[in-house]
Amino acid sequence: LAALVLVFPLSRSGIEVNIYTEAVIYAIVGLSLNVLLGYAGQISLGHQAFVGIGAFTSAYMTSVHEQNFVAALGVTMVVGAVQALLLGVVSLRITGLYFALVTLAYGRMAENSLFNITSLTGGSTGQAAPKPAAFASDFRYYYLCLAVLAVVLYVDWRLTSTKTGRALLAIRQDPKVAASFGASLRRYTLIAFIISGVFASVAGALLAHNATSVVSSQFEFRLALVFVIMTVVGGLRSRVGVVVGSAFFSLTDYLFEKLRLAGAIDALPLLPDLSADLAPLVVGPLLLIFTLTRHPGGFGEMLAPLGRWLRAEPSRHSH
């Protein structure tokens, strides 16, 4: 599988490599949302705002202020951490459905106000976001994004293997019991929000430079729904599941066109015509229902036996 991810893009065209690069970036978005939803137990319906602000910040720094990619990425991470911290402070007072509504309002506010600041976003024409000079080719940029994904996976692994990660999981299971053992709900929740915000902003920056431009219409509410669905279908708290699920949802419209599935569905009677760009919003809910009813652990649960086989671990059913 690793060889396929590393070698397969070399045989494809530049346009297709861009699509695969976006799949890698979506995996980072999924991991960022998994920190909130899987570890902290907080659902975000405005995650497209985090990704969008990250995209516009990096594009603004490289195009308007002519900063190099590394400096722009550093500023983007700080901006992502700050906005996540502010939202995290709100989450300390409200949880569950009420917090989801707050994130929904935040996402709509970003769409209708922040993304309409012409000096930041470039207006209807968008903001240019050139690839870094050392990774100007589509192939090199793909491997750069793979490297960033590897770093994000490492940080995520370190998070869950430390006291902070264990405390987050304990708080998600039962906040009162976790607090009785000394876990600080306030501190650990804020840490989760900051890490999630940084991951999402980095993904936004990579997304902008992959397309070499960014426009506000890319970050509408339906994108937030896709982010939530792909993370849940991938499998909460399963890194492999979230990465595979997120990459799959990124590639859904591409696969619909490549396999001519849209035409096959359109040929069926009583069903409305389906365009490729709407495929994630049609396939997503169906997979979500299947996941919740048949495999609550999502792709992560379904891939677990394969992982145990690759690690040569004994089967759970063996004696």
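**View 1. Threonine 212 sits in the loop between helix H10 (185-211) and strand S2 (213-214).** This is a predicted model. Threonine 212 has a positive phi of about 65°, although it is not a glycine. Most residues other than glycine have a negative phi. Is threonine 212 buried, partly exposed or exposed? Its relative accessible area is 39%, so threonine 212 counts as partly exposed.

**View 2. Glutamate 66 lies in the loop between H3 and helix H4 (69-91).** Here, too, the backbone angle is the point of interest. Phi of glutamate 66 is near 55°, a positive value in a residue other than glycine. Glutamate 66 counts as exposed because its relative accessibility is 68%, and the cut-off for exposed is over 50%.

**View 3. Histidine 47 belongs to helix H3 (residues 47-63).** Is histidine 47 buried or exposed? Its relative accessible area is 0%, so histidine 47 is buried. The cut-off for buried is under 20%. Which residues are in contact with histidine 47, leaving aside its neighbours within four places in sequence? They are Val29, Ser32, Leu33, Leu36, Ser196, Ala200, Ala224 and Phe227. One of these contacts, Phe227, returns in the next view.

**View 4. The largest nonpolar core holds 76 residues.** Which of them touch the most other members? They are Leu206, Phe219 and Phe227. Helix H2 (residues 14-39) gives the most to this core, with 15 residues. In soluble globular proteins, nonpolar side chains tend to be buried together.

**View 5. Phenylalanine 219 is shown with the residues it touches.** Residues up to four places away in sequence are not counted.

**View 6. Helix H2 meets helix H7 (residues 138-160).** The axes of the two helices come within 9 Å. They cross at roughly 15°. Angles under 35 degrees count as roughly parallel, so H2 and H7 are roughly parallel to each other. H2 passes H7 in a left-handed crossing. What classes of residue make up the contact of H2 with H7? There are 19 nonpolar, four polar and two charged residues.

Conventions
Residues numbered from 1 in each chain as written. Predicted model: local features only at pLDDT ≥ 70, side-chain atom pairs only at ≥ 80, totals over all residues. Heavy atoms only, no water. Core = buried A, V, L, I, M, F, W, Y, C linked by side-chain atoms within 4.5 Å. Buried < 20%, exposed > 50% of the residue type's maximum accessible area, 1.4 Å probe, protein only. Helix = DSSP H or I, 4+ residues; strand = E, 2+ residues; numbered from the N terminus. Contact = heavy atoms within 4.5 Å. Axes fitted to C-alpha atoms, helices over the stretch in contact; angles between N-to-C directions. Parallel < 35°, antiparallel > 145°, perpendicular 65-115°, else oblique. Left-handed = near helix turned anticlockwise from the far one by under 90°. Nonpolar A, V, L, I, M, F, W, Y, C, P; charged D, E, K, R; others polar.
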